[in-house]
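Please look through the sequence and the fold before reading on.

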Amino acid sequence: MPADTDFYWDLAEDFLARDAVDEGTLMGFPCLRVNGDFFSTCDHRTGDLIVKLSRVRVSDMIARGEGESFAPAGRVFKEWLLVRERDADRWRALMEEAVTFVGET
């Protein structure tokens with residue numbers, strides 16, 4: 001795993017300790033799944049956080065400048081938010097929000 005993804009995977013360890021969470025691959029990105037559904041990954045080229053949240057939440061966060069659209073190959077995924085700024089507390093909170101969102105849907 002490239003060194004630029006270590007920040008993400010260090011945070012992911014706490015989630016992987018949960019019974020319902022495991023690793024998978026989403027569009028070539030290693031990712032985390034809860035009960036088989038994807039909730040979080042990091043861009044394997046940049047290490048940026050990518051989380052699945054409600055469309056409304058993603059839109060709100062983008063409007064406030066708290067993240068960006070996730071648009072691999074130009075296609076926007078409306079329930080996925082990309083966060084570049086490294087902040088362990090913020091990333092952990094967003095990953096927690098994502099695991100809850102995906103786990104409840």
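Leaving aside its neighbours within four places in sequence, which residues is leucine 49 in contact with? With contact taken as heavy atoms within 4.5 Å, leucine 49 meets Tyr8, Ser40, Thr41, Leu81, Leu82, Val83, Trp91, Leu94 and Met95. The model is a predicted one, in which local features need pLDDT of at least 70 and side-chain atom pairs count only at pLDDT 80 or more, while totals for chains, interfaces and linings use all residues. Residues are numbered from 1 along each chain as its sequence is written, and side-chain values use heavy atoms, with hydrogens and water left out.

A nonpolar core is here a set of buried Ala, Val, Leu, Ile, Met, Phe, Trp, Tyr and Cys residues joined through side-chain atoms within 4.5 Å, where buried means under 20% relative accessible area and exposed over 50%, with partly exposed in between (1.4 Å probe, protein chains only). The largest such core has 24 residues, and Leu49 is among those with the most contacts inside it, as are Tyr8 and Met95.

The buried residues of α3 are Trp91, Leu94, Met95, Ala98, Val99, Phe101 and Val102. Seen down the axis of α3, these fall within an arc of 165° (from the directions of the C-beta atoms from the helix axis), so they line one face of the helix. On the other side of α3, Asp89 and Glu104 are exposed.

Technical notes. Helices (H or I, at least four residues) and strands (E, at least two) are DSSP runs, numbered from the N terminus.
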